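Student: I am new to this structure and would be grateful for a close look at a single part of it.

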Amino acid sequence: MATSSVSKGCFVFKPSAKKKKKTLSLESYFVQGCEDAESSEIRFRLCQELWDEIKTDTEVLQDELNRTILDSLLDFTRKCSSTRQNSDWASQMRASEIPTAALMLGVNVPDHDMTFQSLSDMLKQSVSPHVASVQAKECGALKHLMKKVLERLMDTVVVVDDEDEEENVETSPRVHRSVHCSLGILCDWYTARTKKSPTGTPGKKRSSQVRDEQQQPPVVIIFKDLEAFNPRVLQDFILICSQYIDRLPLTFIFGIATSPSTIQHMLPHSVSSLLCIELFQSLSCTQHLATVIDKLILTSHIHFKLNGKVMQVLIGVFLYHDFSVRNFIKGLQLALLEHFHSQPLSVLCCKKKQALFNVTQLSKPNLDRIRQLPSFKRYVEKQEAQEQVNLMTDDSHLKEVCQQLIKDLRKYHKNYYPILRCLHTLTSSLPRYPLGKQIRELYLICLAKNVWENEDYQSAMKLVKMLAKGELVSLLQKCVEILQLSKSKKMKNAPVQLEELLAKFKQLDTATEMTPTVEASIPSPIKNLQKKTDLFQLQKTLLEMNESRRAKRLSPFENLRNEALEFIDNLVKSHLSPPESQPLYEVCYYSSSATVRRHLNATPRTSIQAALSNPYYYLQNDSLKSEDGTVSNSAPDICIAYKLHLECGRLINLYDWLEAYSTVVSAAEGNDQDSENFGKVDEVKHARFIRAVSELEFLGFIKSTKQKTDHVARLTWGGC
């Protein structure tokens, strides 16, 4: 597009909104780079179905976890609205303040959007249609804050000044009459809206009883990230709103990530005294994560699983980066997509009937892949010689065996998680938490190796033996309740046997009262110590006491306690073996922790250095291929400049750098090396070099130095 101007300038031409970019769909990307293209579409469909199931469960779980705090906020807004309508003196004094809910959400900022969206929807449905949410990044000045609030409440274009009016009229897709930015305009709009009597259609219920009772629904303004707001902007906005509180029933909701003292730090007493603040505490992010892991990962109805290393990566990102459950779910989605994309046998990672059918449809290459699985090789080695031959040569026999192995893997998961929860119930209340306080810690131990071979497990069992009778019976009762929820056929007898042991514990009290103690009939050696005082006899008596203590018979409670713990120990040894011990576990377990870490823990410097050192890795241009770490002379200018700067020391002479760059570029252009103009610096090469150096300086590889005016200092050392 041509332009003419007297002075030089920069002109921006916005692309037409009608042009749509062609984007590659997820399915196309999945199928293109997928191994075993024949089953790629089936695997993508299974992956999509499984992810939809996980997403649905996550949303339901999110609603359940936030229900208590959201209901409390709804009650708060209703109570504040009804208080304004009372005529007593105390209510009128309270009505002069702006009701404010300080919502403590924690530092997991990425999760806040979902919470505020649910809160906004529930407020509009049951309390008031007048709800506006604002963020600090869009409210840098007071006029911008006022503009956003009025636009979202009135659903119209708000003009801040004459310059913005033309832009808003041109760019806004909504056809509304623009209004000026003033709370007085909002008051007039609110009065006009509330004067209209709501007419309901017969036979149709209204969304809430509150709208029937309140003629003046509150105007709710949600500040999503209070800490990020400019304190001065917030103070001025509150002062202005306080002047209209008699005409406009305002209610504020502050989203706070750190501490309630943030309000005191941001607002002076003259401003905070205008607010009637009530504190609300949401569920902590660690409790939220524990619930998500318990409902989504430690369950048998979701067949996709993560191995221990991948779990450690996801939990590490959560604990040491952002505390975001939302990002944890994204990491789970990434692992799910990578598993179905890279593992051709993931067609068996689905519901039981579908998996058994897919086994019969396996192709010859996939059957060979099964034979190459490490877990299947270990299974074959345990079989007899003739069975080994049949498994390695007969495809139909292999399919029959795989169907049975898939059934066994499903049974393994059904038995695994109830026993895991029982073990966690017994050990989570022990001092020093030998097997971890959270169930995820115990789960990681069980994924790594046989948990009963762990020293912490043995010490935990010793500590359980030291528990009081009432506490032990209470823990065993919880184990019974957990096992009763299991749908596995093998686990039906386990709760029955535990209940029998609990019944024996209850009968133990009456039995001990009826029978005399054994210790009363045994003569105590301590009495002999009071009569005889010589050293020889003292030593003999102490030895007798030690031997009698060893030969002492166990009490009925100790025998019963040992029997109960031995029963739990047998359940652990039978059902808590690591997944690697199960044949065909690879079809359900994703194990590439390096891939997940590379995607989630971004390393910008490493990526930039890889791109500059080897541009072919990203551009996939055959002319950029090189060997021995060299850069092709046809590479982009910044790659050539970067490679040349690696050969320099701490200070780089710009002129020498320019000559070397010009020589490489001349070779790329195909100039004769014997000619006089070869390697000569012209204006075009000079400009290209300056741009490449500026880009390297912007990326942080070099900087200007005052030591020498024609030199730059190198800032990075070592390769990628």
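Which residue follows helix 13, and is its phi positive or negative?

Tutor: The model is a predicted one. Helix 13 is followed by F323, and the phi of F323 is positive, near 55°.

The buried residues of helix 13 are G308, V310, M311, V313, L314, I315, G316, V317, F318 and D322. Their cover includes several helices, among them helix 12 (285–297), helix 14 (325–342), helix 20 (439–448) and helix 27 (593–600). Strand 8 (305–306) and strand 9 (589–590) are also included in that cover.

The axes of helix 12 and helix 13 cross at roughly 155° and come within 12 Å. Helix 12 is therefore roughly antiparallel to helix 13. Their crossing is right-handed. On the side of helix 12, the contact is made by C285, T286, L289, I293 and I297; helix 13 contributes M311, I315 and F318. By class, the residues of this contact divide into 7 nonpolar, 1 polar and no charged. M311, I315 and F318 are also listed among the buried residues of helix 13. An α-helix has 3.6 residues a turn, so residues three or four places apart point the same way.

Technical notes. Residues numbered from 1 in each chain as written. Predicted model: local features only at pLDDT ≥ 70, side-chain atom pairs only at ≥ 80, totals over all residues. Heavy atoms only, no water. Buried < 20%, exposed > 50% of the residue type's maximum accessible area, 1.4 Å probe, protein only. Helix = DSSP H or I, 4+ residues; strand = E, 2+ residues; numbered from the N terminus. Contact = heavy atoms within 4.5 Å. Axes fitted to C-alpha atoms, helices over the stretch in contact; angles between N-to-C directions. Parallel < 35°, antiparallel > 145°, perpendicular 65-115°, else oblique. Left-handed = near helix turned anticlockwise from the far one by under 90°. Nonpolar A, V, L, I, M, F, W, Y, C, P; charged D, E, K, R; others polar.
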